[in-house]
Amino acid sequence: MKKMTLGAILALGLFSGTALAQSAWTGGDDLPTSPLACDGTPAAAVSVPYDGGAPTNPPDRNGKKITVVDVPKLIGIGYFNATTKGILDAAAELGNVDAKTDGPTKANIDEQITFLDNYITSGVDGILFAANDPVAIAPVLKKALEKGINVVGYDANSTPDARQWFVNQAQFNGIAKALVDQMATEVGGEGGVAIVTSTFTTPNQARWIAEMAAYAAACHPKLKWLETVEAQEDNNLSFNQATTLINKYGDELKGIWGMTSVATPASAEAVTQAKACGKIAVVGLATPNAMKPYVGADCVKSVVLWNPVDLGYAAMHVLRQVADGTLKPGATSVKAGKLGELQVINGSEILLGAPYVFNKDNINDFDF
Amino acid sequence: MTATKLLRHETILAVLTVIALAVLASLSDKFFTVENLLNQGRLMSEVGLVALAMTFVIVTGGIDLSVGSILGLTAILLGVFWKNLGLPLPLAMLAAIACGTFAGWVNGFIITRFRVPPLIATLATLALYRGLAEGISEARSVRGYPEWFFFFGQGEVLGVPFQLWLLGLATVIAAVILGLTPFGRATYAIGANETAARFSGIRVNATKLWIYTAAGFLSALAAVVFVSRVTTTRSDMGTGLELDVITGVVLGGTSIFGGRGTIIGTVLGLILIQALKNGLSLSGVKGDGTIVVIGLVLIGAILAGALFDRNRGG
Amino acid sequence: MSAASPAIGRSNLHRFLSGYGQEIVVLLSIVALFIVVGAVNPRFLSDNNINSIFAGNAYIAIAAIGMSMIIMAGHIDVSVGALIGVIATIAGTLAVAGYPVWIAWTVPILFAIMVNAGVGALVAYTRIPSIVVTLGMLSILKGGLITATAGEWISGMPVEFMIAQMRPFGIPSAVWFMVGLTIVAALFMRYTDFGRAIYAVGGNMEAARAAGINPERTVVGVFALHGFFAGVAGILFATQLQVIQSTVPPNLELTVITASVIGGVSILGGTGTVIGSTLAAILFACIGSALIFLNVSAYWLRAVLGLMILATVLADMARRRRAR
């Protein structure tokens, strides 16, 4: 009976799996995509009026000392340690900001909301956030605005009217193009490729995957997407999942995209331990420190990422200027300390710049 | 077992809670304000609703690990019924709650009909229900609910958050059922000695089935409040909820071996945890420090209760 | 179990089978899985894949051995995942700081034994239910770890520290550990006084006391032993990859507990074997890998896993009822 049950379930799984697997790329979201042109011709810039929110009767904070709390998606991972570093650097440079980072230990919308709520009650002047969900976080951020608190997002956006500005590390279609182009170059334009992501519910990752699918379909049609696997934010699980992909597809698999700073090094490790360096390319988003061993060993040619320290740094500068009242709706650029002038796009977003590609020559210059 | 003995742990807990409130109030002047306290009530409502049912479950000597997954599944179904199947939202709410209740019933059915230990049965459905939520939704969220729907999670009645009324009402009902009715006595009897309860004519299986179904129902209710509060539906909602709920119930003095526990205790336990989370945050302690304190308080409070019991010759 | 065996072979076999019923169900499931999935995609049976199924999940099996002992003694530990995270972090920190590797291996294990002996003492002497103490420990270890490390990744460990990546006689050392420790633990549970005391305490504490067993000391001992297994699991966890995340691996305690109970350890205490839990851990690893090989839609993966756990449990209950 036992075996029958097991067999039935396996058959069922097999059936439903093959039925579903052939549709779109698994792991993307269902929002409209806007792939960039294959040759990188920038799309005509559409000017959008300011669509962010505004705090209700904020006190005059111009030049005064302000307390700021930064609530990232979760604490205790390398990426958000780096953004925190940037925030603290900027705060130290500005001299009139008292900033700290606090947040949930896992990427959980409910806990993130509770943290924000508590800090609103405690009476901070400014909030920096990276949203676990753009819609779910909106009510509590609107509450902050109503209390006259300045709200600026970075890394992961909320709905625009729930915050004043959002510092965008790189546009989704830009990241997607960089990842797909890099992969196409390394595998010679064609072959089977797979994705290791965190969870399908993580908005940024879902967005990138959808944009990658759209861009690859238009510009690299010979790249054959095989499969997307989930691996949480867990090093060992990511390694196991990537290894399973390598074992499953054998020579058919030419490349793996790691969608998180956890998945990419773990995928590189899996390729290394499978002695497939050079046969299977690993391209992905990652922090340089975690990738140094693999880039140094020539197993990974390059890593795509913006600089998260700069991201935090820019977000802090933007928040200070919003609090001072010097950054107003309608501005077309912002001065962000050592980063210089940053562009305003999409109405109320500030673009950090093009994604950065780390390789063997420059990776040792970075420490985060 | 006399009422005083039953309430001993609750007394300790009440004293502890008052001390904690006093200390936290002295640490931050933002803590003991009506607005903050009401807001905290809003934030603890979902855990509170589920904890009421969990108290019954644990009093029978069982456990339900799948409550967080039922919450996630109900939330997803609410979105799917409304957006994908096009049901009117009130109907979708009812249908989703019915499905969540059914999920609870399935737990009870597996536990009573097949005699699977509750820990194992709900460990399996923990994965199953979460998996269904992920599969049905394909990890996509449903957004764009109409404004009136946000009343359940964000609205107020007479200045008090709606879900706090709901929690209050549910608490009173649960306390009355557990404390004053034959059903409540049956619940305690099952937890104290299931075989004896069976022989004394208590309908053990029916009672348990009701209790696990109620756990499903309250988890589903919490799901609607949650979706309304955060205005969106995600398949990972309620992940890890079971540990928060069990911590509250156990801190409230309900014995994990069954047969002992009160709704009052559970409510006190929940208040203490929420007050610590909020109060410590307001006085500048970071989140990772706060969970260490909660761990220490959990062990400390139960330890104090156990030592107190022993000194009284209990 | 210790009754004199009748001479007839068939009856002996029957007795053997009913003594290890759940282990055999799990083992057959593993074999069935290999046959079915291997038929669909022969690569499932390749050396590499079998190696990675076993080696990649050995730490779960090893942690499940200790967890089984805890459950057999009538207790539970929900903090094991957090403990493994802490062990891995301590080991990595010591290795990077330049201590000899044997110190980086043994000190964290000793630490785990001490922490869990402390937990055991609280459970045994104050009579606080183990789920309460370990829920508390879960919070303390998790919060403490993040406070201490801020989640900084650890990398640059010396090559000789990477014990999980070594392959004595061509087989990953993690597999040697898993097999070796399972056999030692199984013999230990069956043939030593302490092993039998664990069963006795889990079966009926007062009866155990009447039989001359000191239940308190047994509980402290079994928690300490569990600490040892968690410690070894933590070291393997830490040395599998070239970076250590220094956070608590999500949901690991659930996986470990599930492996123990699916392997036939009764949650009511008193029965079960450690072989079953190891087999169940392997079964889980196989299922995880098989679902990918079978192209089960990634969205439905967890639902199928849940169904399979449920099916295993129900089959076990049906078998037990027939055996009765």
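Close-up 1. Contact here involves 48 residues of chain A and 47 residues of chain C, with contact meaning heavy atoms within 4.5 Å.

**Close-up 2. Polar contacts and salt bridges between chain A and chain C.** How many residue pairs are in polar contact between chain A and chain C? The count is 12, with both residues at pLDDT 80 or more. A polar contact is a pair of N or O atoms within 3.5 Å; within protein, one must be able to donate a hydrogen and the other to accept it, and residues adjacent in sequence count only if both atoms are side-chain atoms.

**Close-up 3. The side of chain A that touches chain C.** Elements giving two or more residues to this side of chain A are helix 1 (2-21), helix 2 (78-94), strand 7 (223-230), helix 7 (235-249), helix 8 (263-273) and helix 9 (288-296). Helices (H or I, at least four residues) and strands (E, at least two) are DSSP runs, numbered from the N terminus. By class, this side of chain A has 17 nonpolar, 23 polar and 8 charged residues. Ala, Val, Leu, Ile, Met, Phe, Trp, Tyr, Cys and Pro count as nonpolar, Asp, Glu, Lys and Arg as charged, and the others, Gly among them, as polar.

Close-up 4. Domain 1 of chain A gives 11 residues to the contact and domain 2 of chain A gives 9. These domains of chain A bury about 760 Å² between them. In domain 1, A:K73, A:Y79 and A:A170 lose the most area to domain 2, together 41% of what that side buries.

**Notes.** Residues are numbered from 1 along each chain as its sequence is written, and chains are lettered from A and ligands numbered from 1 in the order in which they are written. In this predicted model, local features need pLDDT of at least 70, side-chain atom pairs count only at pLDDT 80 or more, and totals for chains, interfaces and linings use all residues, while side-chain values use heavy atoms, with hydrogens and water left out.

Terms used:
A salt bridge is a side-chain nitrogen of Lys or Arg within 4 Å of a carboxyl oxygen of Asp or Glu. Buried area is the accessible area (1.4 Å probe) that two parts lose on being put together, summed over both.
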